[in-house]
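Biologist: Could you bring up the model, so that we can go through a few spots together?
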Amino acid sequence: MKFLRLIASCDTRTGGPIAGLLRSSKALAAMGHETHIATLDDPSTDWVKRSEFKTIALGPSQPIYGYNPRLTDWVVSNACNYDVAIIHCIWNYISLGSWKGLRKTGLPYFVFLHGSLDPWHREFYPIKHLFKQAFWLGVEGKVLRDAQKVLFTSEEERRLAKNAFWGYQNYSCEVVAYGASNPSGDPTAQIASFRNFCELTRDEPYLLFLSRIHPKKGIDSLISAFAKHAPAAMQLVIAGPDQVGLQHELMRQAADLGISNRIKWPGMLEGDLKWGAFRGAQAFVLPSHGENFGIVLAEAMACSTPVLTTQKVNIWREIEASGGGIVVAQASDFDDALQAFFQRSPGQIDEMRRQARRCFLDKFEIGQSASDLLRLAAEAVQ
């Protein structure tokens with residue numbers, strides 16, 4: 001079967017959707033199925049050139065919304081080469097432009113929301129939500145209405161998305177598996193490489209945050225909790241791209257709390273450095289205010305690393321039930337998460353590591369995601 005995946009950008013710095021797309025595409029390839037990616041990227045970008053899948057970069061596109069007049073015509077001309085299409089995310093021209101082309105061709109398509117209807121946005125950006133309501137009625141609601149299925153990655157995401165906007169609530173939806181790949185490589189070498197990169201000694205313990213540096217992630221609450229409860233020898237690694245210029249403010253917060261010398265800011269980590277960071281951490285911390293899935297949590301658990309997070313992450317129920325993590329209600333409660341973790345004995349933490357790995361294998365291994373997409377695609381083309 002041949003899949004067309006439509007996404008605004010294949011730059012992995014943009015967050016989870018492209019990472020999930022690449023992981024499931026690799027799993028589909030291992031099952032004998034082909035994936036092409038169409039994006040609004042400029043073809044001259046490094047991430048397009050490095051893409052391991054055939055990538056059709058239709059940019060350059062308009063900044064912010066990504067308007068690109070070439071997208072619809074390309075979809076119309078090339079839809080006949082594919083069995084099914086998947087649009088990844090809304091609120092960007094990739095959904096409108098793709099829909100305009102797909103509805104002319106009859107190619108069955110799905111919409112993978114990746115948290116696009118998360119109520120966090122309505123709570124924190126109420127004015128922007130009003131504009132989105134208008135856009136929902138004019139565009140995005142129709143994109144979902146005409147899809148074979150609208151795909152969610154957890155029951156929690158589907159529940160929270162219900163009635164996110166007025167109108168167009170009769171779309172067909174389904175929860176599909178989502179997750180991370182089993183990490184590969186030499187764990188010892190990966191850990192050593194990461195520690196050297198971050199200038200950590202061989203035995204220096206650390207907590208790891210690895211995600212976008214963004215207000216949604218609750219990093220300010222993490223720094224405050226770390227200053228209060230972390231043992232003096234413990235370091236904190238805050239890794240990820242600073243997309244909105246927040247890092248400087250967080251560094252000032254750390255300085256005010258007297259812990260600047262205990263925080264590392266290595267930027268975005270990929271490949272062996274990323275896996276080494278996960279494998280060597282005492283725990284992975286994500287005090288997010290809202291998270292569709294939290295793929296980094298699955299990656300941490302794949303490395304047998306306990307996770308500390310909030311009920312604002314849509315897979316929190318699975319994490320809490322597994323015993324492989326500690327979950328608190330919200331970011332402002334992260335003091336409780338760190339306090340509870342540091343009160344655990346070494347034996348209890350070892351058991352958390354075993355349960356984290358077991359939870360990954362049972363719930364979040366990427367092979368099931370590929371199987372779900374393949375099943376839905378086969379049903380659509382019957």
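Modeller: Before we start, a polar contact here is a pair of N or O atoms within 3.5 Å, and within protein one of them must be able to donate a hydrogen and the other to accept it. Please also keep in mind that this is a predicted model.

Biologist: OK, so what does the side chain of serine 288 reach?
Modeller: The side chain of serine 288 reaches the backbone oxygen of lysine 216, at 3.3 Å, and the serine itself is found in the loop between strand S11 (283-286) and helix H12 (295-302).

Biologist: Is serine 288 buried or exposed?
Modeller: Serine 288 is buried, because its relative accessible area is 0%, and, leaving aside neighbours within four places in sequence, its contacts are Lys216, Lys217, Thr310, Lys312 and Val313.

Biologist: Switching to helix H6, where does it bend?
Modeller: H6 bends at tryptophan 136, by about 65 degrees, and the helix, residues 126-145, spans only 24 Å between its end C-alpha atoms, whereas a straight helix of 20 residues would span 28 Å.

Biologist: And what do the buried residues of H6 pack against?
Modeller: The buried residues of H6, among them His129, Trp136 and Leu144, pack against strands S4 (84-88), S5 (109-112) and S6 (149-152), as well as helices H4 (93-105) and H5 (119-124).

Biologist: Last topic: how many disulfides does the count come to?
Modeller: The count comes to zero disulfides. For cysteine 359, the nearest cysteine sulfur is that of cysteine 303, 14 Å away.

Biologist: Which is it for cysteine 359, buried or exposed?
Modeller: Cysteine 359 is buried, with a relative accessible area of 5%, while cysteine 80 is exposed, with a relative accessible area of 68%.

Terms used. Residues are numbered from 1 along each chain as its sequence is written. This is a predicted model: local features need pLDDT of at least 70, side-chain atom pairs count only at pLDDT 80 or more; totals for chains, interfaces and linings use all residues. Side-chain values use heavy atoms; hydrogens and water are left out. Helices (H or I, at least four residues) and strands (E, at least two) are DSSP runs, numbered from the N terminus. Buried means under 20% relative accessible area, exposed over 50%, partly exposed in between (1.4 Å probe, protein chains only). Contact means heavy atoms within 4.5 Å. The expected span of a helix is 1.5 Å times one less than its number of residues. The bend at a residue is the angle between axes fitted to the seven residues ending there and the seven starting there. A disulfide is a pair of cysteine sulfur atoms within 2.5 Å.
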